[in-house]
Amino acid sequence: MTLVILALLQDQGVIEVPWPQMRWEFKPDAHTTPIEGLQWRLAWTVYEPGRLLEALDDYFDTLERDDFVTAFQLRLWTDIGSAETERFFEQQLAKHRFPGGWALDIAFAYRDCPVLTLAQWRYCAWAAVRRGASLGFYPEITDGCERAENF
């Protein structure tokens, strides 16, 4: 999902990436994604990296309000929200020693129920992992498949 978001932001001229390489040889203002190790930097030098949201808001304000722009904004924020939800779920799974690959499953739920806020999605992920961790304490549940099924 990170590659999708980076490519989308690059296509819109918001960021620059060193692709096809993962890193620039020397770029002091480059940032690195925490998991994949991919470098990127803001293309808009008038904004500080910590103010990317403000930069995007300003950029969207310059665009005409038509169906295309509205659809683009919705797609961008939906993709970012989905990626954030999946990453948080993966962190929670790892924290409780569950397979991180299970985090991919939340994308199906996110796609089918897009009306929740990011905070609500984070709570759902946290609650699901806590439920799974709690089930792990029951001595009558010894089969890993049954535990995963109940999770």
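**Before the views.** A residue counts as buried here when its relative accessible area is under 20%, as exposed when over 50%, and as partly exposed in between, using a 1.4 Å probe and protein chains only. This is a predicted model, where local features need pLDDT of at least 70 and side-chain atom pairs count only at pLDDT 80 or more, while totals for chains, interfaces and linings use all residues. Residues are numbered from 1 along each chain as its sequence is written, and side-chain values use heavy atoms, with hydrogens and water left out.

View 1. Helices (H or I, at least four residues) and strands (E, at least two) are DSSP runs, numbered from the N terminus. Follow the sequence along and you get the pattern α-β-β-β-α-α-α-α-α. The chain has 151 residues, and 30% of them count as buried. Contact means heavy atoms within 4.5 Å. Among the contacts in the chain with a separation of 6 or more, 44% come from residues 24 or more positions apart.

**View 2. Three strands make an open sheet in the order β1-β3-β2.** Two strands pair if DSSP finds at least two bridges between them. The pairing in this sheet is antiparallel. The edge strands are β1 and β2, each of which pairs on one side only. Strand β1 (residues 15–16) is joined to β3 by two bridges, and I15 has L42 in β3 as its bridge partner. Strand β2 (residues 31–32) also pairs with β3 over two bridges, with H31 standing opposite W40. Between β2 and β3 the hairpin has six residues, and G37 there takes a positive phi near 75 degrees.

**View 3. Strand β3 (residues 39–42) points its residues two ways.** Q39 and R41 go one way and W40 and L42 the other, yet all of them are buried. Take a look at R41, which sits in strand β3. Is R41 buried or exposed? It counts as buried because its relative accessibility is 12%. Not counting residues up to four places away in sequence, R41 touches I15, E16, W24, K27, D29 and A30.

**View 4. L9 sits in helix α1 (residues 2–11).** L9 has a relative accessible area of 8%, so it is buried. Leave aside its neighbours within four places in sequence, and L9 is in contact with V14, I15, L56 and L76. L9 and L56 are 47 residues apart along the chain, but 9.7 Å separates their C-alpha atoms.

**View 5. The largest nonpolar core has 18 residues.** A nonpolar core is a set of buried Ala, Val, Leu, Ile, Met, Phe, Trp, Tyr and Cys residues joined through side-chain atoms within 4.5 Å. In soluble globular proteins, nonpolar side chains tend to be buried together. The residues with the most contacts inside the largest core are L9, V14, I15, W40, L42, L56 and L76. Two or more residues of this core come from each of α1, β3, α2 (52–62) and α3 (67–95). Another core, of 11 residues, lies apart from it, and L93, F98, W121 and A125 are among its members.

**View 6. Helix α5 runs over residues 118–135.** Its 18 residues reach 26 Å from the first C-alpha to the last, close to the expected 26 Å. That expected span is 1.5 Å times one less than the number of residues in the helix. In α5, the buried residues include W121, A125, V129, G132, A133 and L135.

**View 7. R97 lies in the loop between α3 and α4 (106–112).** What is the phi of R97? It is positive, at about 65 degrees, although R97 is not a glycine. Most residues other than glycine have a negative phi. R97 has a relative accessible area of 78%, so it is exposed.

**View 8. The largest pocket is lined by 21 residues.** On a 1 Å grid over the protein atoms alone, a pocket is an open set of points where a 1.4 Å probe fits, with protein on both sides within 12 Å along at least five of seven lines, and lining residues have an atom within 4 Å of a point. T2, I5, I80, A83 and E84 lie nearest the centre of the pocket. Helices α1, α2 and α3 each give two or more residues to the lining, and α3 gives the most, with seven. About 700 Å³ of space lies in this pocket; grid points are joined across faces, edges and corners, and the volume is the space filled by probe spheres set on the points.
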